[in-house]
Amino acid sequence: MIFSSLEFVCVFLPVVFLLYSIIPNLKARNALLILASLVFYAFGEPVYVLLMLASTALNYLTARLIAGFRRHGKAILSISVVLNLGLLAFFKYSAFAVESVNSLLNTSIPVPEVSLPIGISFFTFQAMSYIIDVYRERIDVQKNPFYLLLYISFFPQLIAGPIVKYKDVCEAITSRKQDINQITEGIWRFIFGLGKKVLIANTLGSVADTIFDSDPSSVNAAVAWLGAIAYMLQIYYDFSGYSDMAIGLGHMFGFSFNENFIYPYGSRSIKEFWRRWHISLSSWFKDYLYIPLGGNRKGRARACVNRIIVFFLTGLWHGAGFTFILWGLWHGLFLLLEEYLPRLRKLPRVLGSIYTLLVVCIGFVMFRADSVSQGFRLIASMLTDFSFSSSSTSLLVSQLTPFFIVMLVVGIIGCAPIRPLADKIRTLAYFKADTSDEAAPTEGVKARSTLRVLLCFASLLVLSWCILRLSANTYNPFIYFRF
């Protein structure tokens, strides 16, 4: 089950939220959320629920052992990390590793037929952050296994992030309250994210898929750039839309998750881009890999090696394929160039933005490609193929439908930092009115009431539009399946 499905929006979420709201006891609420999370995961992965439960049990026991036997904590942690990464490697990378060996050595080792558990990269990294923080004594070990199970399995962040650290939610797990303003914020944020996913990402993704799947003879520079831009916007609105929905769901149930995307396409360098893109993953690699490797404390050369390692693994984390590895190394390369050529980070604002968008866009072509050869072919078309043929013209024109053009424009505008303005409007309409309505002038009260009505109407309009699109359109990809 995914957030942008009719089953979730029309059945699962309303039922779970209603039951949660009428249950007064926090322990019973936690039990409901655990049960709902297991049902949510089992809807698409009934067998792999056992894998997630086994992962939780493993990390619960090892954390208890680390806390109880500090003298042997490092050895216990090492064993736990190896087991966690071993599970991830087996299910996600075993087939890729065997295929690579067969291709390189011309062998015929049987390729294991292992299906990828949805969200395994996310819940594995969350579990590892928990045991590492227990070892570092940043957090107290959790003695209640059900609290840890709720942390790992909580359905809003289970299959597409953000990657939540235990220290950020441990207090909410044991003591939280429902607040009407928080619920309102959560519902608005969920609908906002759903609209980004269903209306913008799906529309742009359909065009990107068509172009990436087209015959190479039909793809010239204009078509290739359209596909590249469509995919660059698709993955942003898809991924950030899911993060918005997760954050909104968290608010609805009393949790606060950190932001995962902060207008990354407004960055003026690749370094800035990674401070704004998939922040929870960047933070995870920084805290649990880059800094332990030495960070930048052992000289510039060592720092560069550490960054290459981090971005190699960042690419590999996203998928078992050389396209993902090259994408990660591509970003690592430009981070090194910015380190040794600081002028790249100090370009004028417009030039810096253009440079960053070009690097990101070309990188995402390789990220989306089905093979390395297809990725290089499309990049070559973008940069060198300025010919026009009847097939390329026909393909280009067929994709430029009115609805696509509207969503493309909306998507481009939405990359600008407009959410703070929206937040101010909602704050004015809801959150500042409670203590001042009686004393406020009549005109102010009417203005706030009108604003509330308009915001409710806009939210209902977007929600209804999304439901209609989901009902009428079967195209609703889940692009994090490979993650």
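A charge counts as sitting over a ring if NZ of Lys or CZ of Arg is within 6 Å of the ring centre and within 35 degrees of the ring normal. Keep that rule in mind for the first stop.

This is a predicted model, in which local features need pLDDT of at least 70 and side-chain atom pairs count only at pLDDT 80 or more, while totals for chains, interfaces and linings use all residues. Residues are numbered from 1 along each chain as its sequence is written, and side-chain values use heavy atoms, with hydrogens and water left out.

**Stop 1: charges over rings**

Select Arg-300 and Tyr-340. The charged end of Arg-300 sits over the Tyr-340 ring, 5.0 Å from its centre. Now select Arg-29 and Tyr-20. Arg-29 lies over the face of Tyr-20, at 4.5 Å from the ring centre.

**Stop 2: Ser-37**

Go to helix α2, residues 26–42, where you will find Ser-37. Helices here are DSSP runs of H or I with at least four residues, strands are runs of E with at least two, and both are numbered from the N terminus. Ser-37 counts as buried because its relative accessibility is 0%. Buried means under 20% relative accessible area, exposed means over 50%, and partly exposed is in between (1.4 Å probe, protein chains only).

What does Ser-37 touch, not counting residues up to four places away in sequence? Show Ser-153, Phe-154, Phe-155 and Leu-158. Contact here means heavy atoms within 4.5 Å.

**Stop 3: aromatic pairs**

Rings of Phe, Tyr and Trp (its six-membered ring) pair if their centres lie within 6.5 Å; planes under 30 degrees apart are stacked, over 60 edge-to-face, and the rest tilted. Phe-154 is buried, at 2% relative accessible area. Phe-257 is buried as well, at 8%.

By the ring rule, the count comes to 53 aromatic pairs. Select another: Phe-96 with Phe-322. Their ring centres are 5.0 Å apart and their planes stand at 65°, so this pair is edge-to-face. Phe-96 belongs to helix α4 (residues 73–105) and Phe-322 to helix α13 (residues 322–340), 226 residues apart. Phe-96 is buried at 16% relative accessibility, whereas Phe-322 is partly exposed at 46%.

**Stop 4: the second largest pocket**

Select Lys-271, Trp-274, Arg-275, Lys-286 and Tyr-290. Of the 19 residues lining the second largest pocket, these lie nearest its centre. A pocket is an open set of points, on a 1 Å grid over the protein atoms alone, where a 1.4 Å probe fits, with protein on both sides within 12 Å along at least five of seven lines; lining residues have an atom within 4 Å of a point. Which element gives the most to this lining? Colour α11: six residues come from there.

**Stop 5: positive phi**

Select Asn-106, in the loop between α4 and α5 (120–135). Its phi is near 60°, a positive value in a residue other than glycine. Asn-106 is exposed, at 71% relative accessibility. Finish at Glu-137, in the loop between α5 and α6. Phi of Glu-137 is also positive, near 60°. Glu-137 counts as exposed, at 60% relative accessibility.
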